[in-house]
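I opened this entry to keep track of what I looked up, item by item. Overall shape comes after the first local check.

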Amino acid sequence: MAFTLPKIYPITDRDLSGLSHATQVARLIEGGASLIQLRDKSTEPKKLLQQAEDALTVARKNNVPLIINDRIDVAVALGADGVHLGQSDLPAEVARRLLKPGAIIGVSTHDLNQLELAAKLPVDYIAFGPIFETETKRDHERVVGLDGLKAARAIAVDLPLVAIGGITRNNVQAVLAAGADSVALIAALVSNPAQIAGKMRQILAIAQR
């Protein structure tokens, strides 16, 4: 595989944590994070740009890549390390042209048809899910389960596969065993702001067993 993902791929969330993205990034790095995604669906663009810049400053001081969810414009403006694209975002081909050389591009998929199409795109990894029920995204797509993840693994043979959706310390090993190269976590890491570093450290240890 051309791109290697860490086993734990944390994603920031201001609504869940009540913390700035920069503070979340700092605490996740303290816990051992080596790649972080900044996700913000509600902040207006000007404020988001500033918050993302602050978070990127923290990430760069620690040599940790920061991926911006959805917002190619923000990633381009800041020279961020990459973007994570949803099904309704600009195409990966466009993102590849706009972003700096070597930028990381990931794409979300929710069924095997989407995954097959994504495997042909100029992306560095594919996210697949939700694996389990999740409260982080209330209008989420149909749960695919571990069997769906195993089927996805059989298709995405040449790209790193990130499992997302309802993953916790209790099921992270099962998800990795089903074929995921990495697991994306939001609520399991940031819902209790005082414990972000500790939870990151704890779940990373479980994933590496």
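I started at A77, which sits in helix α4, residues 72-78. The model is predicted, so I treat every value here as computed from it. Is A77 buried or exposed? Its relative accessibility is 55%, so A77 counts as exposed; the cut-off for that class is over 50%.

Next I checked the surface for nonpolar side chains. V76, L90 and L98 form a nonpolar patch there. Together they have about 260 Å² of accessible area. I placed L90 in the loop between β4 (82-85) and α5 (92-98). With 48% relative accessibility, L90 counts as partly exposed.

I then went through the torsions. Which residues does a cis peptide bond join? I found G129 and P130, with omega about 10 degrees. P130 belongs to the loop between β6 (125-128) and α7 (145-155).

I noted a positive phi at N63, about 55 degrees, although N63 is not a glycine. N63 is in the loop between α3 (45-61) and β3 (66-69). It counts as exposed because its relative accessibility is 71%.

D70 is another non-glycine residue with a positive phi, near 70 degrees. I located D70 in the loop between β3 and α4. Its relative accessible area is 18%, so D70 is buried; the limit is under 20%.

**Helix α10**

I tested the length of α10, residues 196-207. Its 12 residues should span 16 Å at 1.5 Å a residue. The end C-alpha atoms are 16 Å apart, so the two agree.

Which residues of α10 are buried? I listed I196, A197, M200, I203, L204, I206 and A207. An α-helix has 3.6 residues a turn, so residues three or four places apart point the same way. Cover for the buried residues of α10 includes β1 (8-10), α2 (21-30), α8 (172-177), β8 (182-185) and α9 (187-190).

**Whole chain**

I count 10 helices and 8 strands in the protein. The C-alpha trace spans about 40 × 40 × 30 Å along its principal axes. A compact globule of 209 residues would have a radius of gyration near 17 Å; the protein has 16 Å, so this agrees.

Buried residues make up 52% of the 209. Of the contacts with a separation of 6 or more, 55% link residues 24 or more positions apart. The accessible surface comes to about 9,700 Å², and carbon and sulfur atoms hold 50% of it.

Methods: Residues numbered from 1 in each chain as written. Predicted model: local features only at pLDDT ≥ 70, side-chain atom pairs only at ≥ 80, totals over all residues. Heavy atoms only, no water. Helix = DSSP H or I, 4+ residues; strand = E, 2+ residues; numbered from the N terminus. Buried < 20%, exposed > 50% of the residue type's maximum accessible area, 1.4 Å probe, protein only. Expected span 1.5 Å × (residues − 1). Contact = heavy atoms within 4.5 Å. Patch = residues over 30% accessible without salt bridge, like charges linked within 9 Å, V, L, I, M, F, W, Y side chains within 5 Å. Areas by Shrake-Rupley, 256 points an atom, 1.4 Å probe, with all protein chains shown as cover. Salt bridge = Lys/Arg side-chain N within 4 Å of Asp/Glu carboxyl O. Rg over C-alpha atoms; globule rule 2.2 N^0.38 Å.
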